Amino acid sequence: MASGESKDERDKRVDKLWETLDTRKEGHIDLTGLKKGLKKIDHPLKNADDMVLSVVREVDTNGDGRIDKAEFRAFLNHTEDGLWQMFQSIDRDHNGEIDKMELRNAFSRSGVTVSSAKLDRFFAEVDKNNDGVISYTEWRDFLLFLPLQSPTDLHAVLSYYTATGNLNPEGDVNINDLQGLGYFLAGGIAGAVSRTATAPLDRLKVYLIAQTGVKSTVQAAKEGAPLAAAGNASRTLVDALKELWRAGGIRSLFAGNGLNVVKVMPESAIKFGAYESAKRAFAQLEGHNDPKRLLPTSQFMSGGFGGMVAQCFVYPLDTLKFRMQCETIKGGPKGNQLIAATARKVWNKNGLVGFFRGLPLGLVGMFPYAAIDLSTFEYLKRTLLAKKARDCGCHEDDVPLGNFATGAIGAMSGGFSASIVYPLNVLRTRLQTQGTIMHPPTYTGIGEVLKITLKTEGPRGLYKGLTPNLLKVAPAMSISYVVYENAKRMLGLR
């Protein structure tokens with residue numbers, strides 16, 4: 001018998017296990033009964049419904065939908081023989097225990113690439129007494145219901161663990177010990193740092209968007225003078241900076257940043273948190289429960305969902321920030337005084353609805369922006385990690401992605417997505433800032449702001465402020481992703 005267990009001892013152990021699992025004492029176990037029995041013995045499979053169904057199908061050899069004692073015993077005989085052979089093949093020094101290095105080497109010999117973090121979690125799950133080694137009893141009890149086709153099939157062991165090891169007592173898939181809270185925290189920190197670092201560029205973008213009318217830059221471009229147009233564009237940026245500086249010095253360049261940080265912390269936290277949650281949901285729908293193996297469409301939809309959820313929550317603060325920036329003038333109110341005055345003006349004119357001007361357009365623009373940004377970042381990140389993993393001969397999770405590489409792909413994904421949806425951003429911002437000192441026109445809706453913009457400024461008016469926006473978005477997204485990825489590592493998130 002395996003591990004020195006006598007036949008009599010084994011028969012008693014199997015009989016006792018059967019009595020425990022047969023909770024209704026009917027002499028047979030169906031799917032519902034097996035689930036109850038597994039919960040009773042607190043087995044790792046207790047919440048893995050798909051795996052339990054596979055076990056029933058494997059054990060029920062006569063196909064009547066129930067497991068009788070003879071079928072149960074035959075299954076255990078086959079499985080335990082295979083598990084004992086597998087244990088002996090892993091235990092290379094034959095001391096009756098498996099240490100972590102032996103387990104790592106066994107996976108490597110089987111051609112199974114597993115990350116250090118996943119190996120550590122698997123080892124800790126099996127090592128019930130936490131003595132740093134796995135005994136055969138621990139190995140057998142953990143993998144007892146594994147439908148084992150071959151005693152060398154460590155792929156099956158890893159799949160079994162994936163089905164059982166990522167479930168909490170309520171049956172929900174976990175992605176980390178903080179159960180998702182850490183992603184919200186990491187996202188909030190990333191948003192606050194990146195927005196503060198690029199606040200002057202955001203201020204400049206809003207200033208330029210709010211300015212309407214046919215400018216000399218547009219006129220020069222229409223007359224076929226690209227060099228003159230470029231010169232006018234650069235002078236426009238310089239003139240805008242001078243004007244903002246005259247309005248209040250350095251404080252003017254950071255006007256609305258306090259409100260922006262208050263806005264962006266929950267916005268980034270909700271965006272990244274909702275994104276990670278959506279990835280887990282799509283991973284469940286795809287049937288593998290691994291957010292890193294999502295189909296491109298699921299990845300795209302997850303990003304868009306995260307952006308839209310965040311936009312809904314913080315849109316009133318977004319409106320207040322834009323209007324504040326357009327009410328900042330020389331000698332005018334500043335700081336909290338300006339926030340209160342701006343909020344009162346919006347409320348007195350349109351009530352609560354005023355804070356949600358342009359929300360449908362914002363959601364329409366946010367979905368592709370967030371979807372393209374997050375899915376592009378994930379694609380570039382996975383591609384780079386896969387290449388480095390192949391070069392190093394290790395798992396992708398064990399490959400460090402440096403801050404420079406993270407920042408570079410963050411800048412590319414952010415700049416690319418922002419450029420695609422920028423016209424929607426212009427129209428939304430003008431709806432939000434209508435009737436302010438810097439943007440006095442008012443509109444009846446989305447159609448009118450589009451019509452007036454095209455009539456007075458042409459198609460190029462839809463890209464007004466794109467240059468400072470890209471100058472802001474590229475470093476902002478770069479900083480945001482660098483901080484987010486580092487915060488995840490510090491919090492022990494994957």
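A cavity here is a set of points on a 1 Å grid over the protein atoms alone where a 1.4 Å probe fits but cannot get out, and lining residues have an atom within 4 Å of a point.

This is a predicted model, where local features need pLDDT of at least 70, side-chain atom pairs count only at pLDDT 80 or more, and totals for chains, interfaces and linings use all residues. Residues are numbered from 1 along each chain as its sequence is written, and side-chain values use heavy atoms, with hydrogens and water left out.

**What lines it**

The largest cavity holds about 540 Å³ of space, a volume being the space filled by probe spheres set on the grid points. Its lining counts 32 residues, with Arg 195, Met 366, Tyr 369, Arg 428 and Lys 472 nearest the centre. By class, that lining splits into 13 nonpolar, nine polar and ten charged residues (Asp, Glu, Lys and Arg count as charged; Ala, Val, Leu, Ile, Met, Phe, Trp, Tyr, Cys and Pro as nonpolar; the others, Gly among them, as polar).

**A helix pair elsewhere**

Helix H2 (residues 31-40) packs against helix H3 (residues 49-59) at an angle of about 120°, with the axes 10 Å apart. That makes H2 oblique to H3, because angles under 35 degrees count as roughly parallel, over 145 as roughly antiparallel, 65 to 115 as roughly perpendicular and the rest as oblique.

Key. 1 Å grid on protein atoms, 1.4 Å probe; cavity = no way out; pocket = protein on both sides within 12 Å on 5 of 7 lines; lining within 4 Å. Axes fitted to C-alpha atoms, helices over the stretch in contact; angles between N-to-C directions. Helix = DSSP H or I, 4+ residues; strand = E, 2+ residues; numbered from the N terminus.
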